[in-house]
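Subject: Structure handover and notes

Dear colleague,

Here is the structure that I promised to pass on to you.

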Amino acid sequence: LELLSNLKQELEKLSGGLLKERIHKSRVAIRRWFSVWGLLVEDGFEKKKFRRKVIRPLKAFLRELGDLRDCDVNIEKARELGCD
């Protein structure tokens, strides 16, 4: 439950703006949730509706945050190399 609470807090912070630190913390919170969720699935906690309404969108959002982070890293590297 603590992981779920942390996930909720971090995702709510994103509504205040997509800052590097917020993106990072949100990605970490989502990955932590999925690490525990994998164990809960083995115990039969997952229902089709939950998977469709929560798990799939959360995985898609994690991919989007990852793409955003990759873009940010590329911009930083380009600046280091003197590119605009």
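The notes below go from the whole chain to single residues.

Please keep in mind that this is a predicted model, in which local features need pLDDT of at least 70 and side-chain atom pairs count only at pLDDT 80 or more, while totals for chains, interfaces and linings use all residues. Residues are numbered from 1 along each chain as its sequence is written, and side-chain values use heavy atoms, with hydrogens and water left out.

The overall fold

The protein chain holds three helices and zero strands, so that its pattern along the sequence reads α-α-α; here helices (H or I, at least four residues) and strands (E, at least two) are DSSP runs, numbered from the N terminus. The radius of gyration, taken over C-alpha atoms, is 16 Å, whereas a compact globule of 84 residues would come near 12 Å, by a rule of 2.2 Å times the number of residues to the power 0.38. Along the principal axes, the C-alpha atoms fill a box of roughly 55 × 20 × 20 Å.

Of the 84 residues in the protein chain, 20% are buried, where buried means under 20% relative accessible area, exposed over 50%, and partly exposed in between (1.4 Å probe, protein chains only). Among contacts with a separation of 6 or more, 54% join residues 24 or more positions apart, a contact being heavy atoms within 4.5 Å. The chain exposes about 6,600 Å², of which carbon and sulfur atoms supply 55%; the areas come from the Shrake-Rupley method with a 1.4 Å probe, and for residues only the protein chains shown count as cover.

There are 20 positive and 14 negative side chains, and the centres of the two sets lie 7 Å apart. In that count Lys and Arg are positive and Asp and Glu negative, with His and the chain ends not counted, and the place of a charge is NZ of Lys, CZ of Arg, CG of Asp or CD of Glu.

Cysteines

With a disulfide taken as a pair of cysteine sulfur atoms within 2.5 Å, the count comes to zero. The closest cysteine sulfur to that of C71 belongs to C83 and is 14 Å away, which is too far for a bond. C71 counts as partly exposed because its relative accessibility is 41%, and C83, also at 41%, counts as partly exposed.

Leaving aside neighbours within four places in sequence, E10 is in contact with K25, S26 and A29. S26 itself belongs to helix α2 and is buried at 0% relative accessibility; beyond residues up to four places away, S26 touches E10, L11, L14 and L65.

I30, also placed in helix α2, is likewise buried at 0% relative accessibility. Apart from neighbours within four places in sequence, I30 is in contact with L7, L11, L58, F61, L62 and L65, and its C-alpha atom is 8.8 Å from that of L3, 27 residues apart along the chain.

W33 is a further residue of helix α2 and counts as buried at 11% relative accessibility. With neighbours within four places again set aside, W33 is in contact with L4, L7, F50, I55 and L58; W33 and E2 are 31 residues apart in sequence and 9.8 Å apart in space, C-alpha to C-alpha.
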